[in-house]
Amino acid sequence: MAAAPEVSVVASPTDELLEKTSAFTVQEVTTAELPPHRSHDPQLNQKRSDPFQFGSRYLQEDDDVFEFNAWDHVETDDAYKEYADQQFAMQRESPVSDFDKHRFNSDPAKWWNLFYKNNTANFFKNRKWLQQEFPILSKVTAEDAGPVTILEVGAGAGNTAFPILANNKNPKLKVHACDFSKKAVEVMRNHEEYNTDFMQADVWDAASEELPPGLEEGSVDVVLMIFIFSALSPKQWEQAVRNIYRVLKPGGEVCFRDYGKGDLAQVRFKKGRYLEENFYIRGDGTRVYFFEKDELAQIWSGTALAPKDEAEGDETTSSSESETKQPLFDIEELGVDRRMLVNRARRLKMYRCWLQGRFRKK
C-alpha cells in the first residue's frame, strides 16, 4: 500500500511570501535605526543646516571611541584635564626669557615672513568648508548680489580668498586680501588665480592706525578673520577691533574662527614657549593666543578690552579711552567647536577646541 504524500514539507506560496516579508521588515528597521552620521557609507553623509551645530556625531556611553576618526561636542575627560593642568603649570614655570620676549614681540612681521618663505610650496590649503560655516559667503557671491566688498584680514597664502573666488558668480564682487607679511602677499599675487578685477592683495597691519590700502571708512560688507586674531598680542586687540569697526558699513558682518583655550596645540607647548597667560611662541617664532568664549564676547562687544599698558616693542596700543566703552558689535553667534580626533592605529585621543562667531557692526 502506497504511503500518503507528505504535503506539509513543501511551503505554500503564502508562507514563502510571509517569510520574505518578515526578513525585509527586520532589515529595514535595522537600517533606519542607524543615523547617517554614524554610518561608514559616504553616500549617507549629510551637510549641517546650522553652521553652529558643529557636527552631530555624538559619543554615547556604549560607543567604541575608536570606531570613527572624530567625534563632535566631546568634553575633555578627567585624565586629559589633569594632564593639561600639569602642562600649563610647567609652561608658566618656564616662560620665554625677557630677551626672547622682546625679540619676538618687537618685529612679529619678521617671523611671519620667514614662515611663508619656508612654507610657500606646501602651505596653501583650500578651505572648502567656508560657505557652509558662513552662509553669508554664499549670499554675497550669488550672481544677483550686486556690489559687495569683502576684506580678509590675515589672508596668508590665500586659503580663504581663492576658494571664495572659485565659487563666485557675482561680477561685482571685490575681495581685499591683506596680510602682515610681505612674503604672504607676494605668494598671493603670484598665484595663477590672482585676478585684479576681483581681488587686491596688500600688506596691512591690522593693529596699525591706518586702514587697508584702497579701503575707506564704511566701505566693507564682510570681514573675514580666520585664525588671525590669535596672532596678535592682547595689547593689540583694541586697535584691531576698532579698525574693523571703522572699515565696515553699518550692519556689516565679521566672520570669525580661531583657537580656543585647552586646544591640543596649547597643551602640547613645552618649556620656553610661554609669553603670558594663553599666549605662546611657536617653534617658528610666530605667536598664538588661545581664547575663552566670554573673553571674545567682551572683546568684540567693546565692553572689555585689553588693559592699556605700554606696548612691547613697536606694537600699537589704543588711542582713546572713551572709544573702548562704546558698544561696537552685536554678538550674533559665538560657539565653541569641540572635537575629539582619534588615531585608531595608535589608540590615541586628541582634543581640539575652536571658537567661531559672527559679529555685526552696530
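Helices here are DSSP runs of H or I with at least four residues, strands are E runs with at least two, and both are numbered from the N terminus. Before I go on: this is a predicted model, so local features need pLDDT of at least 70 and side-chain atom pairs count only at pLDDT 80 or more, while totals for chains, interfaces and linings use all residues. Residues are numbered from 1 along each chain as its sequence is written, and side-chain values use heavy atoms, with hydrogens and water left out.

Back to Phe227. Its phi is near 55°, a positive value in a residue other than glycine. Is Phe227 buried or partly exposed? Partly exposed, with a relative accessible area of 24%; the cut-offs are under 20% for buried, over 50% for exposed and partly exposed in between, with a 1.4 Å probe and protein chains only.

Now the rings. How many aromatic pairs does the structure hold? There are 24, where rings of Phe, Tyr and Trp (its six-membered ring) pair if their centres lie within 6.5 Å, and planes under 30 degrees apart are stacked, over 60 edge-to-face and the rest tilted. One of them is Phe227 with Tyr259, a tilted pair at 4.9 Å centre to centre and 50° between the planes. This pair links distant parts of the chain: Phe227 is in that loop between strand E5 (220-226) and H9, Tyr259 is in strand E6 (residues 248-259), and they are 32 residues apart.

Asn278 has a positive phi of about 70° although it is not a glycine, and it is buried, with a relative accessible area of 5%.

Next, the core. In soluble globular proteins, nonpolar side chains tend to be buried together. A nonpolar core here is a set of buried Ala, Val, Leu, Ile, Met, Phe, Trp, Tyr and Cys residues joined through side-chain atoms within 4.5 Å. Which members of the largest one touch the most others? Among its 42 residues, they are Val223, Met225, Phe229, Ile244, Val254 and Trp300. Helix H9 (residues 237-247) gives the largest share of this core, five residues. Take Val223: leaving aside neighbours within four places in sequence, its contacts (heavy atoms within 4.5 Å) include Leu151, Val153, Ile244 and Val254. Apart from this core lies another, of 24 residues, among them Leu130, Ile164, Met199 and Ala201.

On to the second largest pocket, with about 240 Å³ of space. Bear with me on the terms. On a 1 Å grid over the protein atoms alone, a cavity is a set of points where a 1.4 Å probe fits but cannot get out; a pocket is an open set with protein on both sides within 12 Å along at least five of seven lines; and lining residues have an atom within 4 Å of a point. Grid points are joined across faces, edges and corners, and the volume is the space filled by probe spheres set on the points.

What lies nearest the centre of this pocket? Of the 15 lining residues, Thr76, Tyr80, Lys261, Gly262 and Arg338 do. Helix H2 (78-93), strand E10 (329-343) and strand E11 (348-361) are the elements giving two or more residues to the lining, and H2 has the largest share, with five. The lining divides into six nonpolar, two polar and seven charged residues; Ala, Val, Leu, Ile, Met, Phe, Trp, Tyr, Cys and Pro count as nonpolar, Asp, Glu, Lys and Arg as charged, and the others, Gly among them, as polar.

Tyr80 also comes up in the contacts of Leu264, along with Met350, Tyr351 and Arg352, not counting residues up to four places away in sequence. Leu264 is in helix H10 (residues 264-267) and is buried, at 12% relative accessible area.

Last, the whole chain: 12 helices, 11 strands, and 46% of the 362 residues count as buried.
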